[in-house]
Amino acid sequence: MLGNYSSATEFYLLGFPGSKELHYILFATFFFLYSVTIMGNTVIIITICVNKHLQSPMYFFLGHLSVLEILITSTAVPFMLQGLLLLKTQIISLTACYVQLYLYLSLGSSELALIGVMAVDRYVAVCNPLRYNIIMNSRTCFWMVIVSWVFGFLFQIWPVYATFQLTFCESNLLDHFYCDRGQLLKLSCDDTLFMEFILFLMAVFIIIGSMIPTIISYTYIISTILKIPSASGQRKAFSTCASHFTCVVIGYGSCLFLYVKPKQTQAAEYNRVASLLVLVVTPFLNPFIFTLRNDKFIQAFQHGIKRCCRLLKD
C-alpha cells in the first residue's frame with residue numbers, strides 16, 4: 001500500500017515519531033495551545049467589533065491579524081491533532097493537499113503584508129500624530145487591508161500550482177504532519193533544483209519585501225522617539241509600538257527560519273519544528289502580546305464582560 005507510485009494521488013502523513021504516550025502528551029499540549037489561540041483571537045475580534053472606543057486603524061488591523069491567525073493555525077493543526085489522537089498514519093488526497101498548502105501559504109503571505117501595513121500605521125501615529133486621522137482614514141485602511149489579503153492569495157497561485165505539476169513517483173510517504181512543500185519536493189522524481197531556487201527567491205521577495213516598510217517605519221519611529229526630551233514621553237511613545245515590534249520579531253524570525261533557505265528539502269525534523277513555530281507558537285503568543293499591556297483594550301474587554309453580566313442578570 002505504501003510502495004512506489006508512478007504518480008501519487010494521495011499521501012500518507014507520518015506525523016510525529018515516538019511512543020503512544022508521547023503522542024498523547026503532544027496532543028494535550030497542542031490542543032491546549034490551539035484552544036487558547038482560537039479563544040484569544042476570537043475575544044480580540046469580538047471586543048474590537050462591539051466596543052466603539054476601539055474603532056481606530058490600529059485595532060482595525062489587529063482584528064484582521066487575529067482573523068488571519070485563526071485561519072492559519074486551522075489549516076493544519078486540527079488535522080495534526082486528529083493524527084496524534086488516533087495514533088495512525090493519516091491519508092490526504094492530492095486535491096486536499098493542494099488546498100491545504102495553498103491556504104497555508106496564502107494566509108501566511110497576507111499576514112506578512114498586513115504586518116508591514118501595521119508598521120506604516122505605527123509610523124504615522126508616532127511621526128505624524130496631528131495628521132494621523134487624515135492619513136489613516138477609513139477608506140485608506142480598508143484598501144490597505146484588501147490589498148494585503150488579495151496580494152497573499154494571488155502571490156501563491158503559481159508556486160503551489162508549479163509544485164503540484166511535479167510527478168511524485170519516489171514515494172507517497174510524507175514525513176510531516178501537513179502537506180509541507182519541502183517534503184513534497186523530496187518525493188518528486190523530477191529535477192527540482194531550478195524550482196527550489198525560484199521558490200527561494202519568491203520567499204525572499206515576500207518576506208524581505210514586507211520587511212522593508214517595517215524597517216523604514218521603525219527607523220523613523222526610533223529617531224522620533226529619541227528626540228522626545230522626557231523619558232516618560234519616550235516610554236509612552238514606544239509603548240504604542242512595543243506590541244507590534246514584538247510581533248514583527250517573532251513573526252519574521254520564524255518565517256525566515258522556515259522559508260528563506262536555498263535548499264527547500266530540509267530534514268523532516270527541522271521542518272516540523274519550524275512549522276510548529278509558525279502554526280502553533282506564534283498564533284498562540286500574539287493575543288497575549290497585543291492585549292496584556294494594552295490598557296485601552298483591557299478596559300474595553302472588562303466593560304464588555306460587565307455588560308454581558310448585566311444582560312444575563314436581567
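Student: Which element gives the most residues to the lining of the largest pocket?

Tutor: This is a predicted model, in which local features need pLDDT of at least 70, side-chain atom pairs count only at pLDDT 80 or more, and totals for chains, interfaces and linings use all residues. Residues are numbered from 1 along each chain as its sequence is written, and side-chain values use heavy atoms, with hydrogens and water left out. A pocket is an open set of points on a 1 Å grid over the protein atoms alone, where a 1.4 Å probe fits and protein lies on both sides within 12 Å along at least five of seven lines; lining residues have an atom within 4 Å of a point. With helices taken as DSSP runs of H or I of at least four residues and strands as E runs of at least two, numbered from the N terminus, the element that gives the most to this lining, with eight residues, is α10.

Student: What is the volume of the largest pocket, and which residues lie closest to its centre?

Tutor: A volume is the space filled by probe spheres set on the grid points, which are joined across faces, edges and corners. On that basis the largest pocket has about 650 Å³. Of its 23 lining residues, the closest to the centre are S239, T240, S243, R293 and N294.

Student: Which element supplies the largest share of the lining of the second largest pocket?

Tutor: The second largest pocket has a volume of about 270 Å³. Its lining has 14 residues, with I46, V50, G304, I305 and C308 nearest the centre. Both α1 (20-50) and α12 supply at least two residues; the largest share, eight residues, comes from α12.

Student: Which salt bridge links distant parts of the chain?

Tutor: A salt bridge requires a side-chain nitrogen of Lys or Arg within 4 Å of a carboxyl oxygen of Asp or Glu, and the structure holds two. One joins R122 and D121 at 2.9 Å, N to O. The other, at 3.0 Å, N to O, links the loop between β3 (173-174) and α8 (181-187) to helix α11, its partners being 97 residues apart: D175 and R272.

Student: Is R272 buried or exposed?

Tutor: Buried means under 20% relative accessible area, exposed over 50%, and partly exposed in between, with a 1.4 Å probe and protein chains only. D175 has 28% and is therefore partly exposed. R272 has 6%, so R272 counts as buried.

Student: Which helix contributes the largest share of the nonpolar surface patch?

Tutor: A patch takes residues with over 30% relative accessible area and no salt bridge, joining nonpolar side chains (Val, Leu, Ile, Met, Phe, Trp, Tyr) within 5 Å and like charges within 9 Å. Here F142, W143, I146, V150, L154 and I157 together have about 560 Å² of accessible area, by the Shrake-Rupley method with a 1.4 Å probe, only the protein chains shown counting as cover for residues. The largest share, five residues, comes from helix α6 (residues 138-155).
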